[in-house]
Amino acid sequence: MLQVSDIKINYLKEPAGITNSPQFSWILESNQRNVKQAAYRLQISTEETFHTIVYDSQKVTHEESAHVFAKGFLPKSASKYFVRVKTWDNHEEESPYSKTSFFLSGLMEDGDWQASFISAESKEDADSSKGTYLRKEVILNKKIKSAYAYTTALGLYHFYINGQKVGTDQMAPGWTSYHNRLLYQTHDITSLLKDGDNALGAHIGAGWYKGKMGFTHTRNIYGNQTGFLCQIHIQYEDGSNELIMSDDSWKGCDSPVLFSEIYDGEIYDANWEQEGWNLPRFNDGHWQSPEILTIDNSILTAQAGCKVREIETLPAKEIFKTPKGDTIIDFGQNLTGWIRFKVNAKAGEKVILNCFEVLDKDGNAYFENLRSAKETLEYTCKGNGEATYQPYFSFQGFRYVKIAAYPGTLSRDNFSALVVHSDMEETGTFHCSNPDLNQLQHNITWGLKGNFLDIPTDCPQRDERLGWTGDAQIFCRTASYIMDTYTFFSKWLEDLAADQTPEGGVPHVIPDILSGRSQDDGLISQGTDSAAAWSDAAIINPWTLYLVYGDKEIIRRQYGSMKAWIDFMTHHATDGIWSYRLQFGDWVALDAEEGSYFGATPNELICTAYYAYSSGLFAKMAQTIGNDEDFQTYRQLHEDIVSVFQNRYFTEEGDMSIQTQTAHIVALYFNLVPEQYKEKTALGLVKLLDKENGHLVTGFVGTPYFCHALSRNGHTKEAYELLLKDDFPSWLYQIRKGATTIWEHWDGIKEDGSMWSADMNSFNHYAYGAVGDWLYRVIAGIEADENEPGYKHFTISPQIGGNLTYAKGTFKSVYGEIMTYWQRIENTIQLDFTIPVNTTATILLSDADDVILNDGIAFTKGSFGYEGVTGSGNYTVTYTIA
Ligand code: BGC
């Protein structure tokens, strides 16, 4: 039976805040094999009953079940639309209509925004990071048909109607290039409003907008005053409309949040609470009129999804005393979010909690790696019974909490950790017979959870937490196996484009808060933009989204940004080799000189390798969207850079002139090696590995591709050996040391328990987790095909090794879930796999001697093993390997 499920609108389920003609996708399910969509019908209505249809595609003969546009349809402002789809397949089956999905539009027309930004702060509050309240009562006395709220803040906010929080958003409106783009949130509030008196309340904090940010410790980066914007569109049953908005009729005052900032935590005094402040009939006579702020409304952009939320709750695992006598709570997992606690104490008594990541070698709390970040919560009780508290405008990176003060008896039940990150659908799983690799997969996933908090951050704990482009570039592919990152990265890429320099340079961090501040810090005094591998996020991240989701829109949207970045490199290149101001090179590689962060591979080699790789990807993307002229130009540029690279970095004997692991890795992975020297280069890499006793000495640039460079060039055995090493330096070394996330440094905690330099020692840094894509692509063997991206066609090609007896990977593509599961008994492999409806796959049985059970697939023998192509369904194939 054919069925349609999982309708998505702009890659989101039931989004609120659509302001364009959206893309639709759906998943087909069938109990037959080799099923493809033959035709579809998509309908959009303003009613759930589909009485009035505003768009009907009729029966369209087309195979595409993702990236489908409703041609000519553009939603109207502040409206709700219902969507349903039916399909026909190549076996002449017709599905029923799908379950109805829906979306809410944002504010789209000129003049839609009539509300004003209001502030309960004054200019004198520029140095304050306090919380403020804003409120307004409204009387509604007609029957409401629908009501939608459009809200945002300069700072961070929580919005309440009649005492109830609107939506589950946290850290809203997130962090963007605020001068250019400020996201507003859309909520259906029909059920929150009632007949008669209603109270609207907003609680505002400093956040990224106004608080102290960056290692330069700069405050008020975007403005001196927090602000709030609210516009509510009500439609009554009688057909009339009403608009309620933030203006000078609201009232404001200080909240019990005395201080709150991203790095330092929050100070809250419950004695300042005003009961009922966000309920009707509260006496706000002593509150002040707000200040109206002049902000250009054209920066307002709808946020349709991927909001930051409290995603999981972890209980306190253990309470213990350290040798120094501190009382510590252990949550058992390094994480990002906050603590929620209960307390019942007298007025004036305090709870003080200091968050941190690891214990030092003596088992005491270790705070040094937080640098200046305080990560402290301080709560003053007001008496009269039990209170529950969690911070409003700050988040912490921690596994442990030092209880600096807590009145009453400590009990684990009074504390829990809320895990907070951007809300993305989990798309991938990996599991195998080696428990250490499973822990590595766990740590990689928690690195993602810990650092995808509206922007991709380097780390969540110290006074940094910035959108370092290199880290986001390196980890993008792995992240996109584990979770649906489409909305997350496409939002961040818009900020990258917005913050590019006029010349096309890409800032080191996005949102860019470093430009113009180079005098404040030694390292960035050399430059705040345009470093190889970092700025290449401008190309590699859109390419990855195209590859993983098959989405051409991302190419169209980022095209100008991408082209500007390639042209920037060309502008700064001399004879095809380029370098520019501050380069990070193979950042924190172990072949660095003592005490240096910069690895041994020369900057120029890394710059030119990325220049070649990025220009090649850009040429392919130009071709994809039909820009033939650019395709020809940039393909030629790519070829020219490749030959410059080859002439410069290969000797006449075919050796690399730079004898570092990373030089060999990028040359191999980016396809920069002359064909006749490939084997030699791969052997060269193996030799360099042997020299280190099988260990890597690579940093941010070499590490992500190390295993691929080996396994793609006939050295899968060595790739497994490298992955499975568990003495220093290796991925599994940290697991032996009890890591629950990925470390920034291979020797974050040394063999003797001492720490790497505290100035750069994060224990939740996803960059080295970029090895994760090797688990999915090579061990589980789920590999995309750039000729039919989005896994419309893909390869199932597990490479068996590392003494694993089984491995299982799943990945939910835009067409449905792909699964591979192999089990090994001696030399016999049983491979189970699932190919989603409307896709096909090539099955490559690497090193297969003989296919014992082909399950209907016609396999042919080649030099690498056996190969077959098949359509959707569940299969089991058995084969033997040499
Ligand atoms: C960050 C890194 C980042 C680097 C750039 C560090 O402070 O934590 O992850 O990419 O700076 O050099």
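This is a predicted model: local features need pLDDT of at least 70, side-chain atom pairs count only at pLDDT 80 or more; totals for chains, interfaces and linings use all residues.

**Notes on the model**

1. Let me start at the ligand, where a polar side-chain atom of Trp534 lies 3.0 Å from an oxygen atom of the ligand. For Glu464, a polar side-chain atom is 2.5 Å from a ligand oxygen, and an N or O atom in the side chain of His765 sits 2.9 Å from an oxygen atom of the ligand. A polar contact here is a pair of N or O atoms within 3.5 Å; within protein, one must be able to donate a hydrogen and the other to accept it, and residues adjacent in sequence count only if both atoms are side-chain atoms.

2. Which residues surround the ligand? They are Asp458, Arg462, Glu464, Trp468, Asp471, Trp534, Phe584, Trp587, Phe700, Glu744, Met760 and His765.

3. Residues are numbered from 1 along each chain as its sequence is written, and side-chain values use heavy atoms, with hydrogens and water left out.

4. The chain is assigned domain 1 (2–105), domain 2 (117–258 + 274–305), domain 3 (309–422), domain 4 (433–491 + 527–545 + 553–770) and domain 5 (782–881). These bounds come from an automatic or database domain assignment.

5. Domain 1 and domain 5 have C-alpha centres 31 Å apart. Their contact (heavy atoms within 4.5 Å) takes 19 residues from domain 1 and 16 residues from domain 5. Between them they bury about 1,300 Å², 45% of it on carbon and sulfur atoms; buried area is the accessible area (1.4 Å probe) that two parts lose on being put together, summed over both. In domain 1, Ile27, Arg33 and Asn34 lose the most area to domain 5, together 38% of what that side buries.

6. How many salt bridges are counted between domain 1 and domain 5? The count is three, where a salt bridge is a side-chain nitrogen of Lys or Arg within 4 Å of a carboxyl oxygen of Asp or Glu. Glu63 pairs with Lys792 in a salt bridge, with the closest N and O atoms 2.7 Å apart. Across the interface of domain 1 and domain 5 there are also twelve residue pairs in polar contact, both residues at pLDDT 80 or more.

7. On the side of domain 1 that touches domain 5, β1 (3–9) and β3 (23–29) each supply at least two residues, and β3 gives the most, with four residues. Strands (E, at least two residues) and helices (H or I, at least four) are DSSP runs, numbered from the N terminus.

8. Two cis peptide bonds deserve a look. One joins Ala172 and Pro173, with omega about 10 degrees, and Pro173 is in the loop between β13 (164–165) and β14 (182–188). Another joins Ile510 and Pro511, with omega about -5 degrees; Pro511 is in the loop between α4 (486–499) and α5 (537–549).

9. Finally, the salt-bridge count comes to 52. Asp238 and Lys142 form a salt bridge (3.4 Å, N to O). Asp238 lies in the loop between β16 (227–236) and β17 (241–245) and Lys142 in the loop between β10 (132–140) and β11 (144–154), so this pair ties together parts 96 residues apart in sequence.

How values were computed. A residue is near a molecule or strand if one of its heavy atoms lies within 4 Å of it.
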